[in-house]
Amino acid sequence: MHSTLLRSSPTKHTEHNGPLQLPSLRDMEAKQHPIKSLKSYPETGGRSLAAVAVGGGGSGGGGGGGGGGGGGDGGYLAGSGEMEMELKIQKAIDFKAEGHRCYKEKKFREAIGKYHRALLQLKGVHVVDGTTGSEVSLLSQPAAKLTEEQRRAVESTEIECYDSLTACLLQSELVNYERVKEYCLKVLSHQRDHFKAMYRAGIAFYHLGDYECALRYLRDAKNREPTDTNVLRYIQLTEMKMSKSGQRERESGKETQG
């Protein structure tokens, strides 16, 4: 995916704590948001990996032993499916943790690869579970079902991976804002009040030229964090862009009438 990153202005994101001063639109666009370091999220892996009890009755003899054997086969299949999902969830969490480590070391390309590998593990969980995940839409015969604890672990890991992917992409010299938008919307599909996803979605829509959508997400972010200077700056940038665009349309209309 790295080869598909779109070219954007190699501007640096800077923070301002004082009152906003906007001498010109060009100067303001040169002052973009610094991506804050990812928090060291606690690993929410659900249950610890443990041996799943499989097999049926003991080594009894005669007809009773045969009946126990039949139940044991069913228990083995169920236990095998449960263990498979448990392993996939744990692998996803491990890859996510490796991604966080790479991010902190500023190895953003490596971090992106780790987060994608984590999401691939969760894709496998959705298929085994017979559900539709954010990456797939496949039908299968479910070998086992996720417990509520496992579902929470899967959702939490997905949110963290997509959120972290946007942070990595925004650190790139050539930012793929289309991909940033896509990942932010995935986060918001799970957690509608996710501040960073709302703010970054606003940034992505702004740079993609969709100022109405940008303003909507930025205002949502402002409702969550009313004093965040970066959000306020991008809201003003967006409003200025919309004002200039509207002015050009009005001038164009006058020329057409004339």
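Helix α6 is mostly covered, with 11 of its 13 residues buried. Keep in mind that this is a predicted model.

**Helix α6 itself**

- The buried residues of α6 are F195, A197, M198, Y199, R200, A201, G202, I203, A204, F205 and Y206.
- Its length checks out: at 1.5 Å a residue, the 13 residues of α6 should span 18 Å, and the end C-alpha atoms are 19 Å apart, which agrees.
- After α6 comes G209, and this glycine has a positive phi, near 85°.

**α5 against α6**

- Helix α5 (residues 177–190) packs on helix α6 (residues 195–207) at an angle of about 150°, and the two axes are 8 Å apart.
- Angles over 145 degrees count as roughly antiparallel, so that is the label for α5 and α6.
- The crossing of α5 past α6 is left-handed.
- On the α5 side, the residues involved are Y177, V180, K181, C184, V187 and L188. They meet A197, M198, R200, A201, I203, A204, F205 and H207 of α6.
- Sorted by class, the residues of this α5 and α6 contact come out as 11 nonpolar, 1 polar and 2 charged.

**α6 against α7**

- α6 brings F195, M198, Y199, A201, G202, I203, F205 and Y206 to the contact. From α7 come Y211, C213, A214, Y217, L218, D220, A221 and R224.
- By class, the contact of α6 with α7 has 13 nonpolar, 1 polar and 2 charged residues.

**Helix α4**

- Helix α4 (residues 148–170) has 23 residues, which at 1.5 Å a residue should span 33 Å; the end C-alpha atoms are 33 Å apart, in agreement.
- α4 is mostly covered as well, since buried means under 20% relative accessible area and 18 of its 23 residues are buried.

**Two residues to look up**

- Q121 is found in helix α3 (residues 108–129).
- Is Q121 buried or exposed? With 18% relative accessibility, Q121 counts as buried.
- Leaving aside neighbours within four places in sequence, Q121 is in contact with K88, K91, A92 and F95.
- K106 lies in the loop between α2 (62–104) and α3.
- Most residues other than glycine have a negative phi. K106 is not a glycine, yet its phi is positive, at about 65°.
- K106 counts as exposed because its relative accessibility is 63%.

**The protein as a whole**

- Of the 258 residues in the protein, 39% are buried.
- Among contacts with a separation of 6 or more, 66% are between residues 24 or more positions apart.

Terms used:
Residues are numbered from 1 along each chain as its sequence is written. This is a predicted model: local features need pLDDT of at least 70, side-chain atom pairs count only at pLDDT 80 or more; totals for chains, interfaces and linings use all residues. Side-chain values use heavy atoms; hydrogens and water are left out. Axes are lines fitted to C-alpha atoms, for helices over the stretch in contact, and angles run from 0 to 180 degrees between N-to-C directions. Helices (H or I, at least four residues) and strands (E, at least two) are DSSP runs, numbered from the N terminus. Angles under 35 degrees count as roughly parallel, over 145 as roughly antiparallel, 65 to 115 as roughly perpendicular and the rest as oblique. A crossing is left-handed if the near helix is turned anticlockwise from the far one by less than a right angle, and right-handed if clockwise. Contact means heavy atoms within 4.5 Å. Ala, Val, Leu, Ile, Met, Phe, Trp, Tyr, Cys and Pro count as nonpolar, Asp, Glu, Lys and Arg as charged, and the others, Gly among them, as polar. The expected span of a helix is 1.5 Å times one less than its number of residues. Buried means under 20% relative accessible area, exposed over 50%, partly exposed in between (1.4 Å probe, protein chains only).
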